[in-house]
Amino acid sequence: MLACNPRDRATGEASPARTVSSAAATASVAPVVSLLEARLDNPAAYVPPQCYTQTRDADGTVHNPCFTCHTRAERPNFVDDEALQIHYDFRAPARENRWMNLYVDRRADVAAVTDEEILRYVRTSNYRAGERLLLAETLHPRQGGKLPEVWDVDHDGRWGGYVPDAHFDFDEHGFDRDPKGAPTGWRAYAYYPFPGVFFPTNGSAGDVLLRLPAAFREGEDGRYDPTVYRVNLALTEALIKRRDVAIEAVDEEALGVDLDQDGKRGRATRVAFRPEAMRYVGRARLEQAAGKIALEPGLFPGGTELLHSVRYLDVVNGEVTMAARFKELRYARKAAWVSSDKLAELAAAEARELRDYPDRLERMLGEPEHGLSNGQGWLYQGFIEDRDGALRPQTLEETTFCMGCHRGVGATTDGVFSFRRKLDASAQAEGWFHWTQHGLRGLAEPQAADGRYEYTFYLEQNGAGDDLRDNEEVIAKFFDGQALRPDVVARLHGDIAELLLPSPQRALMLDATYRSIVLAQSFTRGRDATLTPAARVHRRVEPHQATGIITPVAAPLAPRPAFTP
């Protein structure tokens, strides 16, 4: 969604403060490859497997796993897709479900793997070896080495995309450090996992790191300044969440900004969400004043980077935790600033195209070496395991898989799911920590301002704990027939691990199941770790097929802090 004509091509990275043309909204990608011109096994690879889930049981009972993604959005997201709760409204090439891995019976493969074997595998990092970053070495071969031609899309003999530089070695404030102790600019944040596929009980653990451009990390003298960086990150958090954000006390006079908007420059303990008066600090303040940096609610600064590892599950002392081994490493960079007004224009153009050409495939620009554009200024890249377990760049089709969720669903903020869900300042380290520093255990269930519990609401609407509605362990634990079990729900209110973490036995089964997909290198047929053939997923849907859901529902909004100060 929000894509541009495949013949368009951005000629350079846009100035962060400028509203860019629709061509530049695709970001600076070279060479450009249109998915209309590429041959994909699945021409609609951007439609995820979850969208084919059956919402009606054999007895006629209707469930709604769709509302989490498809909803009425908030500016500057102009996607209003709550109607997808009512109908499987796919374009013609997407009506056949080509995610055939969902229907593979993997029980024999999993039974052939011992617990010791799979634990040894997931505990071996394929990202780091001591101080070495293995994927970075793969992408930048040592002298005499050669980049595989299949990765070198522009044929210049070198990798032109993102080269991993995060060491996943975090201090007490969540800042990543290199082996010499210097900050890399990456900062980890903890967040409430998005309902469904992102729950570890459905196969994977995940994290997210954020990095703002150098101007946001430096004082006005151009030197790295951790206080400046922390304040600019808090400003970004306030813009994305659209509310005030508490911070460790800072001297506003030294920063030259009235952060709390109280009319004087004193000691500030919060960033006030007042978009018309908000100013970044440090060198970013000077660039903002010069018109080189823009600031808008709901939008990350131009140049923002996100890094997301998707991992196997480990079992330590009977507790399921995040494993050392990566399944995937996903990277995004906001290569061009696109204002909310321009996003509205692009959304209107997309709506007109959908009306005029309802069965035309969505169009995207980019390629796997430099990234695929979401048409909103972001470039996305991904790395995934090869048959031997080493990380490699994803192919065009494998990267296309990521685009459906980041190109236009109502649930995202600036194309991103997680940052609006970041834990608040009352959490450990103000929510700036990595899951290896504090796990999910003990976090209270997020609760909306209207009192609804988010995960409980998801269970009520979906009748299951996963988007495919196939997680029998969650169904057996939380449901008595169609009704939720009050005693288990009460435990969930106090500890989200009751729902999000699988049993150790299931965790190892999920690991072994996914490992069989790695060995087959069949990611274009699906990545979900399903042990037995999916029982509640359509193989095909008809034009405008009804889901059985009569009235769209909205997810509980703005989760309240789960911690007390």
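Predicted model: local features only at pLDDT ≥ 70, side-chain atom pairs only at ≥ 80, totals over all residues.
**Ground rules.** Local features need pLDDT of at least 70 and side-chain atom pairs 80 or more, while totals for chains, interfaces and linings use all residues. Numbering runs from 1 along each chain as its sequence is written, and side-chain values use heavy atoms, with hydrogens and water left out.

**Thr-201.** I found Thr-201 in the loop between strand 5 (183-189) and strand 6 (205-206); strands are DSSP runs of E, at least two residues, and helices runs of H or I, at least four, numbered from the N terminus. Thr-201 counts as buried because its relative accessibility is 0% (buried is under 20%, exposed over 50%, partly exposed in between; 1.4 Å probe, protein chains only). I then listed contacts (heavy atoms within 4.5 Å): leaving out residues up to four places away in sequence, Thr-201 touches Asn-471, Val-474 and Leu-510, among others. Val-474 is 273 residues off in sequence, yet the C-alpha atoms sit 8.2 Å apart. Side chain to side chain, Thr-201 makes a polar contact with Asn-471 at 3.1 Å (N or O atoms within 3.5 Å, one able to donate a hydrogen and the other to accept it; sequence neighbours count only if both atoms are side-chain atoms).

**Asn-374.** This one is in the loop between strand 13 (371-373) and strand 14 (378-385). Asn-374 is also at 0% relative accessibility, so I logged Asn-374 as buried. A polar atom of its side chain lies 2.8 Å from the backbone nitrogen of Gln-376.

**Helices 10 and 12.** I checked helix 10 (residues 454-462) against helix 12 (residues 486-494): their axes come within 9 Å and cross at roughly 145° (lines fitted to C-alpha atoms over the stretch in contact, angles from 0 to 180 degrees between N-to-C directions). Tyr-455, Thr-456 and Leu-459 of helix 10 meet Val-489, Leu-492 and His-493 of helix 12.
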